[in-house]
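Visitor: I would be grateful for a close look at a single part of this protein, namely the sheet together with the loops and the pocket described alongside it. Please take me through that part in one connected account.

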Amino acid sequence: MTTGATVWLTGLPSAGKTTIAHELAGRLRAEGRRVELLDGDEIREFLSAGLGFSREDRHTNVQRIGFVAELLARNGVTALVPVIAPYADSRDAVRGRHETNGTSYLEVHVATPVEVCSARDVKGLYARQATGELTGLTGVDDPYEAPVSPDLRIESQHQTVQESAAAVHALLSERGLA
């Protein structure tokens, strides 16, 4: 069986997490790897429907995603998880679940500054927050606890999507996971 792993891409909204994950998924699939991309928006719709954006609900959402990712990774799938996951303790709990089960876990911080994310504004969240239509936007009026020691830090504003995906791929290769 091929060794699986979870690659958790955390960062602010519009940081580039999902775009990098899609690029990486294509590359890994081209190499014959089994890959699943657990998109945060899709998870919210299908697995975490009914959860809000309180700290407790965000923690529950992250734990659910972490459970599914670990299950996939334990069974030989590379699980790519582009999810904001704003709280360090929630991410640490996911890492702990992986460690307990002997499953590989890599944390990638897509460390794009809020000014760049706001300019990208892929989903219009920053614009809605600016007009008062939206509150609790991570990194603006709700906290984001950046990882202190991620396995990899990507500053997406300084490189192409392909370069960012290549950096994650290199880390996977270095760890014997790609």
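Guide: The account that follows goes from the sheet to the loops and then to the pocket.

This is a predicted model, in which local features need pLDDT of at least 70 and side-chain atom pairs count only at pLDDT 80 or more, while totals for chains, interfaces and linings use all residues. Residues are numbered from 1 along each chain as its sequence is written, and side-chain values use heavy atoms, with hydrogens and water left out.

The sheet is open and has five strands in the order E2-E3-E1-E4-E5, with parallel pairing. Strands (E, at least two residues) and helices (H or I, at least four residues) are DSSP runs numbered from the N terminus, and two strands pair if DSSP finds at least two bridges between them. Strand E2 (35–37) and strand E5 (152–154) form the edges, each pairing on one side only. On average, neighbouring strands of this sheet are turned by 20 degrees against each other, direction ignored; the axes are lines fitted to C-alpha atoms, for helices over the stretch in contact, and angles run from 0 to 180 degrees between N-to-C directions.

Strand E1 (residues 5–10) is joined to strand E3 (residues 78–82) by five bridges, and E1 pairs with E4 over six bridges. Leucine 9 stands opposite proline 82 in E3 and opposite valine 108 in E4. E4 is in turn joined to E5 by three bridges, and histidine 109 has arginine 153 in E5 as its bridge partner. Six of the seven residues of E4 are buried, where buried means under 20% relative accessible area, exposed over 50%, and partly exposed in between (1.4 Å probe, protein chains only). Helix H4 (residues 88–100) packs on the sheet and touches E1 and strand E4 (104–110), contact meaning heavy atoms within 4.5 Å. The direction of H4 makes about 155 degrees with that of E4.

The loop between E3 and H4 holds valine 83 and alanine 85. Valine 83 counts as buried because its relative accessibility is 7%. Leaving aside residues up to four places away in sequence, valine 83 touches Trp8, Leu9, Thr10, Gly11, Lys17, Leu38, Gly40 and Ile65. Its C-alpha atom is separated by 8.4 Å from that of aspartate 41, 42 residues apart along the chain. Alanine 85 is likewise buried, at 2% relative accessibility, and has a positive phi, near 45 degrees. Serine 14, in the loop between E1 and H1, also has a positive phi, of about 70 degrees, and is buried with a relative accessible area of 15%. Most residues other than glycine have a negative phi.

The largest pocket has a volume of about 730 Å³. On a 1 Å grid over the protein atoms alone, a pocket is an open set of points where a 1.4 Å probe fits, with protein on both sides within 12 Å along at least five of seven lines, and lining residues have an atom within 4 Å of a point. Grid points are joined across faces, edges and corners, and the volume is the space filled by probe spheres set on the points. Of the 30 lining residues, Pro13, Asp41, Ile84, Lys123 and Leu125 are the closest to the centre of the pocket. Helices H1 (17–30), H2 (40–46), H3 (55–74) and H6 (125–130) each supply at least two residues of the lining.
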